[in-house]
Amino acid sequence: MVVAGATGVVGRTLLPLLRKRGHHVTALVRRADGVDEAAEADDVAVADLLDPSGLRRALRRASPDVVIDQTSGFGGRDRDEGLRRTAELRERGAKNLVAAAVSVGARRIIGQSMAAAYRPHGEEVLDEDSPLWTDAPGCWGAVVRGLAAMEEALLTCPDIEGVALRYGALYGPGTHYAPGGAIHTRVRGSGLPLVSDGVGLTSFTHVDDAAGAVLEMLTAGEPGAYNVVDNEPAESAEWLPAYARMVGGPAPVSLTMDQARAQLDWLTVHQLTEQRGATNFRLRETIGWRPTWPSWREGFAAMLNLWPG
């Protein structure tokens, strides 16, 4: 099989698990300097998802039965650039990858999507039938439209089984929530406030659980979209103070809605005040999947080495 994005936070966790199960794995990396980072793979191919001909050549040499896409544009610290790159990868790159996978006779393709892309409405957690927020403002709208285009390419192609895994906010080694990551640094510096009357919900996903869901979906489950999230969507007023205590940061300051809109960017305000969580019911009932970390509370503690002993 081929894993695109093999050096990302999910890909690095996934590669050794695939090999442990006896799969022959080709890691697809964008640059030659990423070859050493894919040491857990059997083979490494260099190709850019935005280069259709090079991508087809790489997949032709690998001849995969399953293609897994774990690419992301969030490798750096510039969030806006990460959003732009992710939108492009999802809209153009995913279509190229589907076409290349079909051309080499792959049976199934598994793509990475986001549970945070749902249009916010009501107060309940959302399932996979809820609409994506394709007319959201600014860079976030571009990302969601890219995700929608990716899912359409995956789920409507008659020549391959397409699966879209909608992860929650990824945490674990190498993520923004790990020591030294962007969220960790921001919270330690009192840079991520609470917003009074904000009821934004976040669904979290440990990278172990994201990788575990990919493993299960290699052979199980019908084609379609699945939320891969933990069991406990959390309001910002719940998870943010708890996380701040765990990382040894100050208690988050509290802003009014007007203050938040004046001091924070639109996307942060949206996440803290109106974003909705997601339910993992479909994945649990369809293939019996259970998260290793059913709550972000225990998952954060494990990530930060806070377990006694």
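## Strand β11 and its pairing

Two strands are said to pair if DSSP finds at least two bridges between them. In this predicted model, strand β6 (residues 161-167) pairs with strand β11 in the parallel sense over 5 bridges. Helices (H or I, at least four residues) and strands (E, at least two) are DSSP runs, numbered from the N terminus. Across this pairing, L165 stands opposite Y226 in β11.

Buried denotes under 20% relative accessible area, exposed over 50%, and partly exposed in between (1.4 Å probe, protein chains only). In a regular strand the side chains alternate between the two faces of the sheet. G224, Y226 and V228 point one way from β11, while A225 and N227 point the other way.

Helix α7 (residues 236-246) has buried residues including W239, A242 and Y243. G248 follows α7 and has a positive phi, near 75 degrees.

Helix α7 passes α11 in a right-handed crossing, meaning that the near helix is turned clockwise from the far one by less than a right angle. The contact (heavy atoms within 4.5 Å) is made by E238, W239, A242, Y243 and M246 of α7 with W296, R297, F300, A301 and M303 of α11.

## Basis of the model

Residues are numbered from 1 along each chain as its sequence is written. Local features need pLDDT of at least 70, side-chain atom pairs count only at pLDDT 80 or more, and totals for chains, interfaces and linings use all residues, while side-chain values use heavy atoms, leaving out hydrogens and water.
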